[in-house]
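Visitor: Could you show me how to read the main features of a protein model, taking the general idea before the particular case?

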Amino acid sequence: MERRLAAVLIADVVGYSRLSRLDEEGTRLRFQSDLSNILEPFFIEHHGRLVKTMGDGLLVEFRSVVDATQCAIEIQRRKAAEADKGPDGERLDFRIGINLGDIIVEGDDIHGDGVNIADRVQGLAEPGGIAISGTAYDQVSSKLKAGFVSLGQQPVKGLGDPIRVYRVLLDPEAAGRTVVEKNRRKTVWVKGLVAGLAAIAISAALAWWQPWTWIGQDGPAQRFAYPLPDQPSVAVLPFINVSGDSDHDHLAEGLTDDLITELSKVSGLFVIARHSVFALKGSATKIQDVAAELGVHYVLEGTLQRADQRLRINVKLFDAVSGLSLWAERYDRQYADLFAVQDDVIGKIIAALEVKLSEGERDRLARIPTDNLEAYDNYMRAEQQGLIWRDVETNRQTLAFYQRAIDLDPDFADAHAGIARIAVDVWRNDYNYLWSAAVARKIAYDAAGQALKLDANNARAHTVLALLQLVDGRASEAKESALRAVSMQPNDAEALANLALILAQTGEHEQALDDIERALRLDPSPSSSLQLLAGIVYYTARRLEKAIPLIEAARETLPKAEAVKEYLASAYAQRGDQQSAAAVAAELLKLFPDTNLTYYSYLYDYWREEDLYRHLFGLRVAGIPEWPFGFVGAASDRLGPAELKQLTDDKTWVGVHKNGTSFAQFFDKDGNTAYRTSNTNITGRIEVKGNQLCEKYDGYFLDRMVCGYVYRNTAKGERTADYINVTPQALKFFSIER
């Protein structure tokens, strides 16, 4: 490893990310044009070596700091001369930083403090300007026809002592002068008493007006939407795919996801959730405005470019309060080195923010999700599909990607956890559009179990397990699993929200409210799914004033979600808004005509009694009927125990559902039953309990024994069948097969 003294120049495009969001291809082409036509010719003329480009930045080594500074001056004067040739949106401005210091040479690359200081100095340059370190100034101040502004001692991240920094004055008339920025007016030669009095008057006016106070109040620190957390707070902006091929978009998004996920495992950080940063994708927003909107101190941004098996990734970490770049790196690697790049980026961020890792965190960050990059590619595609409240086809596509990842690498824990996540939502909401409840429950348990077998610290698998245990009535185990998920990934808004749900439904309302508020702080622009989940937590904790706005917001993007209308109808009713409650209940019944209170009483039988009573009361007030399709039977027509036993003793029912589906159901003498339609064939058990006929089909309706009534069909109005069977799930008209 070689060390030497060198002059280092770093140039960076002002607002490159914003310009790329507006016109990615045009910005890239203008950068390449400036590099080829202006920058590189000046580098060659002044004996500079272009070490590398770093996305929107350049690292150049010179033999002489005089050459480096003269080169920078000529570049900026050339750029200024061309400023009037086109509109602002078609011109790139550069900041240039120069340092004379010790560097480390490895092959064609250079790094070390000499480079790091040049990068920090570059951040203090004005757009279209140049800043140099004190060591550079000492060498060039008397050798160049230029003026300088002293910025005094400036703290530099990563160095113990501050360094002197100077800005270069490009105006030829300033040559040979050095002024102090904070007291610049003292360097002006005052000619005559009038000029002196004018200066005094201006000073007095400034002292009264205090423009620096106004500027500070308009700065990002005063415009944060939220108070900054006690821990270092970070937002990872969506990486920009500059490959020119949209098929690699998922790779850029996947890299963003993984960095967020990995950083979320560090308890010493505060990391904004995926949805909130992706909500800003494509917006022409400055870094400091992003930080202010999300309420974070630091922002990471980057670009990704893939060409066959080559991968180029540029990353920058900004201090949004000061506006300085803390760290930047360019990676030119093989695609197979993707995980090594991620690991290096994570390590550099943690080092830059001076965060201490626990032993467990260090082990979790060192874990590689899979050795199979094709499996990883499929996993990232699955993740980009979204996670819950989707249509059937999207769910199928997502599952196919997860399954393909598992086929390629059976030990890929995250892919197993992804399947478990979809399955548990299908099961606990009693949906049957992908699998029967029995199959969904088994898949959820098996997939979560397999994920935890492969990775005992998988946060998503612990969250899935917690939801399974909650619905199964094992509340203490559910809480333990949810807490484990949060401990594994303390910045995961989803894990925190699910913990809050479990705490709310087990009566720990205060802690539930704390956790859901932290989840929403981690995800300040939450997805509709998180809005709904948070709304349910507030609803369960008796905070209707917070629950209703969140559920209303989710309603806009989830117009066909049953839970949205169900909770909103009950919440309106409990608030005393009968008109709104009835309107939402009508929407619910239009989408799901068989909605009924008896069904919900079985679906939520794991709730606390007082919570269930309150929920059903609200739905009843809103207008939800007791039985499917609003059925009400006459007590005189209801069959008693003896008649029910006779009707189910070695008999076959033949009939039709309210929705028109034909069915047949056989009963033997031992309480076994077989039910069949054109697309369903299941077996189960029955019991007669008083005047009710109760049925249980393994794996269906959360494995609950469901009871209903049988009535004589005396009216014969709607159907000609002899009997009517009403259950929480169906309204059937049937006769006994002769």
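**Burial, cores and a barrel**

Guide: Buried residues, meaning those under 20% relative accessible area with a 1.4 Å probe and protein chains only, make up 53% of the 738 residues in the protein. This is a predicted model, in which local features need pLDDT of at least 70 and side-chain atom pairs count only at pLDDT 80 or more, while totals for chains, interfaces and linings use all residues. Residues are numbered from 1 along each chain as its sequence is written, and side-chain values use heavy atoms, with hydrogens and water left out.

Visitor: Which residues of the largest nonpolar core touch the most other members?

Guide: In soluble globular proteins, nonpolar side chains tend to be buried together. A nonpolar core is a set of buried Ala, Val, Leu, Ile, Met, Phe, Trp, Tyr and Cys residues joined through side-chain atoms within 4.5 Å. Here the largest one has 156 residues, and Phe239, Leu300, Ile313, Val345 and Leu353 touch the most other members. Helix α20 (residues 493–505), helices being DSSP runs of H or I with at least four residues, gives the most to this core, with 10 residues. A second, separate core of 36 residues includes Val13, Phe31, Leu39 and Val60.

Visitor: How many strands form the closed barrel, and in which sense do they pair?

Guide: Strands are DSSP runs of E with at least two residues, and two of them pair if DSSP finds at least two bridges between them. The closed barrel has 8 strands, running β16-β17-β18-β19-β20-β21-β22-β23 with antiparallel pairing.

Note on methods
Buried means under 20% relative accessible area, exposed over 50%, partly exposed in between (1.4 Å probe, protein chains only).
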